Amino acid sequence: MDRAEQDLEEACRAGIDLDLLDTNLALTVKERWEQHDAALELALKLQAAGESRNARLQSITPASL
């Protein structure tokens, strides 16, 4: 077994999803950027939703219950 095969086996043991890497590397750069932009948009929406929820929770005090 050569060094590259050993490295791939070690990566698998470490939990790296080599199939996912292969799938993403099969995409064009433009497709990867589009996926990145979509993921970033989702992350920002989730962050804003969390901040909105936290602001509503902070406005509730024991006296208001």
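**View 1. Overview of the charged pairs in the predicted model.** The structure holds 4 salt bridges, and three of them are taken up in the views that follow, including the pair Asp7 and Arg3. Side chains of opposite charge can pair when their charged atoms come close.

**View 2. Salt bridge between Arg3 and Asp7 in helix α1.** The side chains of these two residues, Arg3 and Asp7, meet with an N to O distance of 3.3 Å. Both residues belong to helix α1, which spans residues 3-13, and because they are 4 residues apart they are separated by about one helical turn. Arg3 is exposed, with a relative accessible area of 57%, whereas Asp7, at 34%, counts as partly exposed.

**View 3. Salt bridge between Lys30 and Glu34 in helix α3.** The closest N and O atoms of Lys30 and Glu34 lie 3.0 Å apart, and the two residues are 4 residues apart in helix α3 (residues 29-58), about one turn of the helix. Lys30 has a relative accessible area of 58% and is therefore exposed, while Glu34, with 42%, is partly exposed.

**View 4. Salt bridge between Glu41 and Lys45, also in helix α3.** Here the side chains of Glu41 and Lys45 meet at 3.4 Å, N to O. Glu41 and Lys45 are 4 residues apart in helix α3, so about one helical turn separates them. Glu41 is partly exposed, having a relative accessible area of 46%, and Lys45, at 53% relative accessibility, counts as exposed, because the exposed class begins over 50%.

How values were computed:
Residues are numbered from 1 along each chain as its sequence is written. This is a predicted model: local features need pLDDT of at least 70, side-chain atom pairs count only at pLDDT 80 or more; totals for chains, interfaces and linings use all residues. Side-chain values use heavy atoms; hydrogens and water are left out. Buried means under 20% relative accessible area, exposed over 50%, partly exposed in between (1.4 Å probe, protein chains only).
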